[in-house]
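Subject: Structure for your review

Dear colleague,

Please find below the structure that I am handing over to you. My findings follow it.

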Amino acid sequence: MCGTVVTGLEKVAAREVERKLAPEGGVIVERGKLLFSGPVGPALRLKGLNNLSCLLLKTPLRLDGAAETRQAALESLARSVDWEPGLSALEEAQGRPLPGSLPTSLAAIQQHLSGSSFVYPEDERPSFRVTC
């Protein structure tokens, strides 16, 4: 996970994460954010974090060259992500299953990434945001 922190308070927030969550890999402290693993529910109750995101992939990305080359790099990146942990974290954070179920959402992502279209029934569309 990635938790944003007020700049200058990273060490204080890291101590809270270590004390309350005891993440296996420890806490990586960067300017204005912490990276750690652990369950979503308890992480949402931490006082020292401003925002909490589920980090699915951290990798350098070069977007050089023509637009087609950049587009292909982004598509390849999206295909390399394991989406299940992020969707599971979303379910846990919301306290309810995704509309249409987790397997349906995973199938929709895979179909979209393969170039096929997937249409959710109107009342089953999940709502979530992906940022880079």
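What percentage of the contacts in the chain with a separation of 6 or more is accounted for by residues 24 or more positions apart? Such residues account for 51% of these contacts, where contact means heavy atoms within 4.5 Å.

Two remarks on conventions come first. This is a predicted model, in which local features need pLDDT of at least 70 and side-chain atom pairs count only at pLDDT 80 or more, while totals for chains, interfaces and linings use all residues. Residues are numbered from 1 along each chain as its sequence is written, and side-chain values use heavy atoms, with hydrogens and water left out.

Overall architecture

The chain has five helices and four strands; these are DSSP runs numbered from the N terminus, with helices being H or I of at least four residues and strands E of at least two. Read from the N terminus, the order of elements is β-α-β-β-α-β-α-α-α. Of the 132 residues in the chain, 29% are buried. Here buried means under 20% relative accessible area, exposed means over 50%, and partly exposed lies in between, with a 1.4 Å probe and protein chains only.

The nonpolar cores

A nonpolar core is a set of buried Ala, Val, Leu, Ile, Met, Phe, Trp, Tyr and Cys residues joined through side-chain atoms within 4.5 Å. The largest one has 14 residues, and V17, L34, F36, L46 and L49 have the most contacts inside it. At least two residues of this core come from each of α1 (10-21) and α2 (40-44). The element that gives the most is α1, with four residues. Another core, of nine residues, lies apart from this one and has V81, L87, L102 and I109 among its members.

Beyond its neighbours within four places in sequence, L46 is in contact with E16, V17, K20, L21 and F36.

Helices α4 and α5

In α4 (residues 84-94), the buried residues are G86, L87, A89, L90 and E91. Their cover includes α2 and α5 (102-113). After α4 comes G95, which has a positive phi, near 75°.

The axes of α4 and α5 are 10 Å apart, and the two helices pack at an angle of about 140°. Axes are lines fitted to C-alpha atoms, for helices over the stretch in contact, and angles run from 0 to 180 degrees between N-to-C directions. The two helices are therefore oblique to each other: angles under 35 degrees count as roughly parallel, over 145 as roughly antiparallel, 65 to 115 as roughly perpendicular, and the rest as oblique. On the α4 side, E84, L87, S88 and E91 meet L102, S105, L106 and I109 of α5. By class, this contact has four nonpolar, two polar and two charged residues. In this classification, Ala, Val, Leu, Ile, Met, Phe, Trp, Tyr, Cys and Pro count as nonpolar, Asp, Glu, Lys and Arg as charged, and the others, Gly among them, as polar.

Residues in loops

W83 is in the loop between α3 and α4. Its relative accessibility is 12%, so W83 counts as buried. W83 and L106 are 23 residues apart along the chain, and their C-alpha atoms are separated by 7.0 Å.

A22 lies in the loop between α1 and β2 (28-30). Although A22 is a residue other than glycine, its phi is positive, near 45°. A22 counts as exposed because its relative accessibility is 56%.

P39 is in the loop between β3 (33-35) and α2. With 42% relative accessibility, P39 counts as partly exposed. P39 and L21 are 18 residues apart in sequence, with a C-alpha to C-alpha distance of 8.1 Å.

D64 touches T69 and R70, leaving out residues up to four places away in sequence.

With kind regards
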